[in-house]
Amino acid sequence: MERTFPYKIEPLEEELMKEIEQKFLAYSCQGLVRVEGSGYVFPSTYAKYASTYYNYQFKPDDVLVMTHPRCGTTWTQEIVWTMRNGGQLDSSTELGVRSPFFEFDSLERYELKPMREWMEKHEDPIKEGFYLNLMNSVSSPRTIKTHLPFSLLNPTLLDTSKVIYVARNPKDTCVSYYHQQRLVKVSDFQGSFPEFLDYFCRDLITLGPFWQHIAEGWEKKDHPSVLFLFYEDMKEDIIRELRRINKFLGTGLTDKQLQDVAEHTKFSNMKARPTTNPTKACVEIGRFREGEQDFVRKGITGDWSNYFTPALEEKFQCWMEKWKDMSQNIPFKYNFETVA
Ligand code: A3P
């Protein structure tokens, strides 16, 4: 049964868009839209896919790794894919090919060359979607990456599939997102960290508002088909969290296999592997900007303290206060670590 997409999608106000385009160069081509009610912000292409995503029927053995960007998606994808493949340590196939990115068609810059060529070859490219195509060609059981929150996915999702939701404290998420938005050409952010934080706290960064996203995940945390993880807990004791994943997914890995998964997916190893840290290759093909920090960047909790001045802290606290119904209920850790 085809459901009607239940929310209005509106373009951002013209004046605001003009301001954003000065800093996020990618959006001058296509603009941004906002989902009414929840306030989620997307490149305008999302409007073409919203109903398809909302109606997408996931398979019973699909597992979704669902996150707000920069909360530990890639790390968790690599863990979950490895565990679901019997602890097989794959270092040769790109993670994005083994574990597809569900809604990337809506974020992609179709005016860039490789995508333009693909578009030209297909009769109804938007309907088909390059990344949707990839999704559909990956063999089951699929481990799928999504930044879409529950409200924008099929309401039956949890009747069919399992979701691992990963959250990270908003300060480290903001710092990490700043670096990623400077790196990736799909955003092409040209501003400073204080400028980025300002947009973040005005809930204007794509795939936010942060608190709305986290709150939707938190609300479902006790559902039997959901496992809610914190990035900080994974940093604190990865074996403990791998055991939780093992139990949730019923993957039945032994302690020795979990140790191997932990080793394979530890920060320094994932940073060194081009299949999980594609920075160099993406710079070469023009998808990432040269001279920025890596996609798999620093991997610590507490890096925010290197970026937050008292004035930024104050702005951030005002934003936390604005979202207090959500921000006060979710027990994030902000503690400092020095070792990745
Ligand atoms: P930093 O920018 O703070 O280093 P996502 O995959 O959701 O985009 O999240 C990216 C963040 O996760 C980045 O944070 C990245 O470095 C970190 N990360 C990636 N792999 C990791 C790993 N194996 N262990 C810890 N952090 C990891």
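Contact here means that heavy atoms lie within 4.5 Å. Helices (H or I, at least four residues) and strands (E, at least two) are DSSP runs, numbered from the N terminus. The structure is a predicted model, in which local features need pLDDT of at least 70 and side-chain atom pairs count only at pLDDT 80 or more, while totals for chains, interfaces and linings use all residues. Residues are numbered from 1 along each chain as its sequence is written, and side-chain values use heavy atoms, with hydrogens and water left out.

We begin with helix 3. In this helix, residues 46-55, the buried residues are Tyr46, Tyr49, Ala50, Tyr53, Tyr54 and Asn55; buried means under 20% relative accessible area, exposed over 50%, and partly exposed in between, with a 1.4 Å probe and protein chains only. Their cover includes strand 1 (9-11), strand 2 (32-35), strand 3 (41-43), helix 7 (125-128) and helix 8 (130-137). The loop between strand 2 and strand 3 holds Ser38. Ser38 counts as buried because its relative accessibility is 13%. Leaving aside neighbours within four places in sequence, Ser38 is in contact with Pro209 and Gln212.

The next topic is the nonpolar core, a set of buried Ala, Val, Leu, Ile, Met, Phe, Trp, Tyr and Cys residues joined through side-chain atoms within 4.5 Å. The largest such core has 82 residues, of which Ile20, Phe42 and Phe102 touch the most other members. Helix 11 (residues 193-201) supplies the largest share of this core, 6 residues. Apart from it lies another core, of 22 residues, including Val166 and Leu227. In soluble globular proteins, nonpolar side chains tend to be buried together.

How do helix 11 and helix 18 cross? The axes of helix 11 and helix 18 (residues 310-322), lines fitted to C-alpha atoms over the stretch in contact, come within 10 Å and cross at roughly 10 degrees; angles run from 0 to 180 degrees between N-to-C directions. The two helices are therefore roughly parallel to each other, a term for angles under 35 degrees. Phe193, Pro194, Leu197, Asp198, Phe200 and Cys201 in helix 11 meet Leu312, Lys315, Phe316 and Trp319 in helix 18.

Finally, an open sheet of 4 strands has the order 5-4-6-7, with parallel pairing; two strands pair if DSSP finds at least two bridges between them. Strand 5 (143-146) and strand 7 (226-230) are the edge strands, each pairing on one side only. Strand 6 (residues 162-167) runs parallel to strand 7 and is joined to it by 5 bridges. Ile164 stands opposite Leu227 in strand 7.

Conventions
Parallel < 35°, antiparallel > 145°, perpendicular 65-115°, else oblique.
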